[in-house]
Amino acid sequence: MKEYLETLDDTAWGAASDVVPKFVSPSDPAAQWTGAHKGPAFFAYSDNYLIDVKFGVIVDVEASRSIRQAEVGAARTMIERTEERFGLKPERLIGDTAYGAAPMLNWLVEEKGIAPHIPVFDKSQRDDGTFSRSDFRYDPTSDVYHCPGGKRLGTSGTVHEGKTLLYRASKLDCNACLLKPQCCPKEPSRKIPRDIHEHARDVARSLAGTKGFERSRHERKKIEMRFAHLKRILKLGRLRLRGPRGAQDEFVLAAIAQNLRRLASLVARPPPAQALCTA
Ligand code: SF4
């Protein structure tokens, strides 16, 4: 319990989410009740790795609660710790859409200068035939959107729900516009929401589809192989120790075992083929 209370302010634990879990284990309260893996729900911890994809070596390990926000918090912890301990900072970070939340992308792009090779989940696309946000052009110099009818949408600068700016068209412009049925048929004028960290999302979007991004997608398989190996070969489907510290210790030991195997395979390469044919 003492260990659980100590982790409440940590981004990989209690501070990751203020949602009250459905069930709390009385003997291990930091473990997360999860049904995310299909089948019956159970108490779990997440094992997070920071991997050098060039050599397939695990650079850092962090246990966290088994919720996405906590896993993203663990990624930040590992990136900062690796920089602090080894002076290593990745040029790019490969991750799935869970790491594409605007605050995480902003942290990577603006604070750390790391290229996010992360797909951005875009909910702004409309499927009712009206214009989507992508039909409006953003001008960063004037901080306005230009609509398909050639008008400007400006913002008052008020941040809604702590994360969104609203860019509004003038009612006069929209009333007189022939495109209104395709734009805002049920509203007096059109408004476009924009996340305060949208610039970082734009950077991530601009990288998607590039050669480097495709290479990163391919390299992600090395990460998935590490986790498959953990479960199938090292049989780490169940922890023997309790609490965040117990989970961390077991995950670190498993990562050491995996790194030793990897280093052995890197060092002990088979002799060149022609040497085998000289007999
Ligand atoms: S309805 Fe308004 S926002 Fe939409 S295209 Fe016309 S002027 Fe622009």
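Cys and Ala count as nonpolar, Asp, Lys and Arg as charged, and Gly as polar. The model shown in these views is predicted.

**View 1. Residues around the ligand in the predicted model.**
The shell consists of Cys147, Gly149, Lys151, Ala169, Asp173, Cys174, Cys177, Lys180, Cys183, Cys184 and Arg190. Two elements each give two or more residues to this shell: helix 4 (171-175) and helix 5 (180-183). Sorted by class, the shell around the ligand has six nonpolar residues, four charged residues and one polar residue.

Among the residues surrounding the ligand are Asp173, Lys180 and Arg190.

**View 2. Packing of helix 2 and helix 3.**
Helix 2 spans residues 68-86 and helix 3 spans residues 102-112; the two pack at an angle of about 15°, and their axes are 11 Å apart. Angles under 35 degrees count as roughly parallel, so helix 2 is roughly parallel to helix 3. The crossing of this pair is right-handed.

**View 3. Crossing of helix 7 and helix 8.**
Helix 7 covers residues 211-232 and helix 8 covers residues 243-267. Their axes come within 11 Å and cross at roughly 115°. Helix 7 and helix 8 are therefore roughly perpendicular to each other. The crossing of helix 7 and helix 8 is right-handed.

How values were computed. Residues numbered from 1 in each chain as written. Predicted model: local features only at pLDDT ≥ 70, side-chain atom pairs only at ≥ 80, totals over all residues. Heavy atoms only, no water. Near = heavy atom within 4 Å. Helix = DSSP H or I, 4+ residues; strand = E, 2+ residues; numbered from the N terminus. Axes fitted to C-alpha atoms, helices over the stretch in contact; angles between N-to-C directions. Parallel < 35°, antiparallel > 145°, perpendicular 65-115°, else oblique. Left-handed = near helix turned anticlockwise from the far one by under 90°.
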